[in-house]
Each structure stands twice: as structure tokens, then as C-alpha cells.
Amino acid sequence: MNMKFMNLSKFSADPGAGGSAGGDSDKGTQGKAFTQEDVDRLIAERVANEVNGLKTKNGELLGNNKALKEQLAKFGDLDPEAVTTIMKQFENDEDMKMIAEGKYHDVIEKRVAKVNEAKQRELDAVTTKHQEETKALQGVLDRYAGLVLENAIRAEAQKAGVTFGVDDAVLRAKLTFKLDDGLVVPADENTFGGDGKPLTLKEWFNDMKEKAPHWFPANQGGGGHSGAGAGSKTMTRDQFDALDPQARMEAIKNQIKIVE
């Protein structure tokens, strides 16, 4: 049987030489004639080497894949990315670090303290708001009480015959009386009237007829005072001089006659 011979100098006689042409390893084979059997053998050896390399690489990948699956199995239904995020938080978060160090009680106390601080701030805000609202309401009540007291004083002053210096009478009465549960009572609990009971506005105005007679000019007879007729409004010079400027203007406006 005739065999075909081929000049395959480009193939290395040594399969491990990588088939490089022109290298020193090819010097012994240059110009050598190869049979078809040699060619087939060389190709088979080269293919086997490549296949073995791929098998080895595939085995490594399969081993790595198996190890990865075993590691993932430890997480169960947990998301690996979520677990990674949590682990990063353990590294970066102070509380997480303390938990990792076993300082659970310290973390709990710290968290409780934060909650208490937040609740205290809320309570302080509510308390401050309540105080402001209470203060505003008290201001309204005080103004209302002041108006009620002033109206009661003015009404009693009119009954007592105060026709001059009403504002002065109201101011001085406010220093003596207050409003308590809608009733006008002495500001000083130890202030009593002639009957031993708490002083009333009526009694106070009767007493003021001697202490501030200029409030009651209509009660001063003018028959013997500079020709003034009976019932005329008069005031002594000393009484007029004792008045403040506003009261003097009011006396002049009411045509009060000054007598010596």
C-alpha cells in the first residue's frame, strides 16, 4: 500500500513546543517528511492537550460554583445584597459595632435615651404652647375683670354723687377693691366696714366725701362763699391746688368755682 508523504516542517516534533515555526526546537524537524499517521497523531495530541486544559478549567469553575451555592444556601431566603448592606452598616454604624462587640445593654440604653429625649422635646413644646395659651387667656380674663370692676365702681360713684374727678375716683377705688367670682370685695381681706363686714364700695365712697370732697362739688353749699348761690359747684383754693393738671382741666370744664 502506497503511503503519502508530506513535508510538514511547520509542525513541531515536540507537541509541547506550541507549534511555533522557525524556533530552535524545530531545527531537528525542518525538512523532515511526515506521514499522514504522524499528522493525525500530532493533531490528536494537540487537541487532547487543549481539551484537557478546558476540562481542568471547567472543573475549577464547577468547584467554585458548588462552593458559591453552598455559601448562598447558608443565607436561606435572605437576599445576599441585603445581607451585604447590613454588614456594611455593621462596619459603619456605631450601634452596629457595639452590637457586634456584644454591648447590647449599652445600645438599648442609648436608644431609650434618644426616645426619651424626643418625647421630652415634644412634651416641652406642648407645655410651652399650653403656657402661652393660658397666659393669653388669663390676659383676656384680667381685662374682662378690670372692665367689670370699673363699671361697678363708676355705677357706685354716680350713686354717691361723684360729679368731678370720676377717673381719679375709679383709679383709687381699683387700688382698694378687686373682683372675686364676680363680686367686688376689698383687695385687703382685713379691710372691714363699720358693721364688721368686708368694706363695700358704698361705704368707701361715703368715707371719701371727707377725704376727697372735690369729687362731690354738688354737696358743697355755696351760700356764704363769694356770693355763690345755693347748690352751686364750688371748690376751695387748697382743693384745687391739690389736683393734678388733668383734674384741674376737668374742674374748669365743669365750671367749678374756686372759693378761698
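Tryptophan 204 counts as buried in this predicted model, because its relative accessibility of 8% falls under the 20% cut-off that is applied to relative accessible area. Tryptophan 215 is likewise buried, with a relative accessible area of 0%. In the structure, which holds four aromatic pairs, tryptophan 204 and tryptophan 215 form a pair with a centre-to-centre distance of 6.1 Å and an angle of 45° between the planes, a geometry classed as tilted. Tryptophan 204 lies in helix α6, which spans residues 201–211, whereas tryptophan 215 lies in the loop between α6 and β5 (234–236), so that the pair ties together parts that are 11 residues apart in sequence.

Tryptophan 215 also forms an aromatic pair with phenylalanine 216, and this pair, too, is tilted, with 6.4 Å from centre to centre and 50° between the planes. Phenylalanine 216 counts as buried, because its relative accessibility is 2%, a value that is under the 20% limit. A charged side chain is found at the ring of phenylalanine 216 as well, since lysine 209 lies over its face, at 5.8 Å from the ring centre.

The residues of these two pairs belong to one aromatic cluster, which is formed by Phe177, Trp204, Phe205, Trp215 and Phe216.

Note on methods: Residues are numbered from 1 along each chain as its sequence is written. This is a predicted model: local features need pLDDT of at least 70, side-chain atom pairs count only at pLDDT 80 or more; totals for chains, interfaces and linings use all residues. Side-chain values use heavy atoms; hydrogens and water are left out. Rings of Phe, Tyr and Trp (its six-membered ring) pair if their centres lie within 6.5 Å; planes under 30 degrees apart count as stacked, over 60 as edge-to-face and the rest as tilted. Helices (H or I, at least four residues) and strands (E, at least two) are DSSP runs, numbered from the N terminus. Buried means under 20% relative accessible area, exposed over 50%, partly exposed in between (1.4 Å probe, protein chains only). A charge sits over a ring if NZ of Lys or CZ of Arg is within 6 Å of the ring centre and within 35 degrees of the ring normal.
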